[in-house]
Amino acid sequence: MKLGFFAANYAHLPLEEVLKIASTNGYEMLEIPAYIGNGQMDCDEILQGNNARELKEMVHSYDMEISALSNHADSLLILGPHTEDTDALFKGTKEEKIKYGTNSLLKTAQAANALEVPVVNGFTGVTNWGRYFPFPCANGWKQMEEEFAELFVPILDKFKEYGVKFAVEPHPNNMIYDIHTAKRALELVDNHPCLGFNLDPANLMATGGVMVENFIDELGERIFHVHAKDAEVVAHNVQRGGILMQGDWQRLDRSFRFRIPGWGNVNWKRVITELAMVGYDYVLSYEHEDVTMSVGDGVEKVAPFLKPLLIRAPYEGRKDKIFNNPMA
């Protein structure tokens with residue numbers, strides 16, 4: 001496994017400046033935003049001339065590789081919501097939003113192909129996340145599942161054509177947010193080889209305490225990418241209203257906070273162990289959403305914490321008589 005860095009942590013800086021910071025602090029791979037208007041990489045530009053080769057060379061010059069392209073912002077528009085809630089991402093009708101999100105996601109897959117990057121991370125969106133509860137629309141979730149399959153199977157077929165996989169990040173306000181919905185999504189697309197997951201342990205905790213280790217054990221072969229992000233259930237605030245509370249992330253009375261790895265409740269030794277046991281040997285990409293400290297603090301603290309925990313190679317086995325012939 002390698003330690004990665006999500007360039008969007010420094011969304012206001014040019015990509016090369018982020019590369020300098022990440023490489024200097026010991027990060028080995030870079031996840032690059034690719035949604036429209038991100039300010040760091042433009043897919044249309046990447047697909048012109050020698051731009052893809054030049055970007056790869058720039059990344060390699062800092063002894064880093066690209067782990068994935070991120071299309072979290074635009075891909076959300078495919079299932080929505082298609083209301084004013086997503087107008088900040090793109091303003092238009094439902095049909096216009098779906099077209100915008102789909103085209104942006106496919107363009108990202110093309111760019112990933114040009115850059116020889118195997119994974120695109122993103123969301124599916126959800127027309128109404130409240131439909132996880134069957135009242136007042138008992139068939140609402142089923143209707144969304146049908147729309148998901150109708151919209152995403154053609155997208156996944158194009159991903160296959162480009163030789164790229166789509167790693168959906170299970171997340172609140174998305175159709176895929178836990179183990180059950182992840183498995184169901186695979187069923188809905190007939191286990192399409194290009195659909196998998198970008199595992200973010202903190203997001204699983206945000207939906208009510210899903211055990212990250214269980215997600216890994218049950219969906220391991222479909223984990224294409226991993227975010228290194230932690231979460232803290234603030235015990236002294238939980239009794240105020242559970243963890244699904246609204247409001248500013250910096251509220252002192254919040255019962256749930258995103259944290260940097262090592263400062264929350266994720267047991268990273270166990271998570272990394274389970275990833276190794278299911279054969280995952282790719283990247284842990286550090287994403288900063290910790291409102292208690294600066295990104296600079298996180299950059300300095302995360303690498304020394306996680307790098308010693310990374311498993312670099314699987315167990316070789318022993319070839320001696322005692323170990324291979326245990327007593328009955």
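1. On the face of α11 that is turned away from its buried side, the exposed residues Lys-269 and Met-277 are found. This is a reading of a predicted model.

2. Helix α11 spans residues 268-277, and its buried residues are Trp-268, Val-271, Ile-272, Glu-274 and Leu-275. Seen down the axis of α11, these buried residues fall within an arc of 160 degrees, so they line one face of the helix. An α-helix has 3.6 residues a turn, so residues three or four places apart point the same way. After α11 comes Gly-279, whose phi is positive, near 90 degrees.

3. The largest nonpolar core has 97 residues, and those touching the most other members are Tyr-27, Leu-69, Phe-159, Leu-275 and Leu-284. Helix α6, residues 140-162, gives the most to this core, with ten residues. Leaving aside neighbours within four places in sequence, Phe-159 is in contact with Leu-105, Leu-106, Ala-109, Val-120, Val-164, Lys-165, Phe-166 and Cys-194.

4. Glu-28 lies in the loop between α1 (15-24) and β2 (29-33), and its side chain makes a polar contact, at 3.3 Å, with the side chain of Arg-312. Apart from neighbours within four places in sequence, the residues in contact with Glu-28 include Lys-2, Leu-3, Asp-63, Met-64, Glu-65, Lys-307 and Leu-310.

5. An unreviewed UniProt entry lists residues 20-307 as "domain: Xylose isomerase-like TIM barrel". Over residues 20-307 the chain of the model is 41% helix and 15% strand, with the end C-alpha atoms 18 Å apart.

How values were computed. Residues are numbered from 1 along each chain as its sequence is written. This is a predicted model: local features need pLDDT of at least 70, side-chain atom pairs count only at pLDDT 80 or more; totals for chains, interfaces and linings use all residues. Side-chain values use heavy atoms; hydrogens and water are left out. A nonpolar core is a set of buried Ala, Val, Leu, Ile, Met, Phe, Trp, Tyr and Cys residues joined through side-chain atoms within 4.5 Å. Buried means under 20% relative accessible area, exposed over 50%, partly exposed in between (1.4 Å probe, protein chains only). Helices (H or I, at least four residues) and strands (E, at least two) are DSSP runs, numbered from the N terminus. Contact means heavy atoms within 4.5 Å. A polar contact is a pair of N or O atoms within 3.5 Å; within protein, one must be able to donate a hydrogen and the other to accept it, and residues adjacent in sequence count only if both atoms are side-chain atoms. UniProt positions are given in the numbering used here, feature names are shortened, and annotations may be inferred rather than shown by experiment. The arc is that of the directions from the helix axis to the C-beta atoms.
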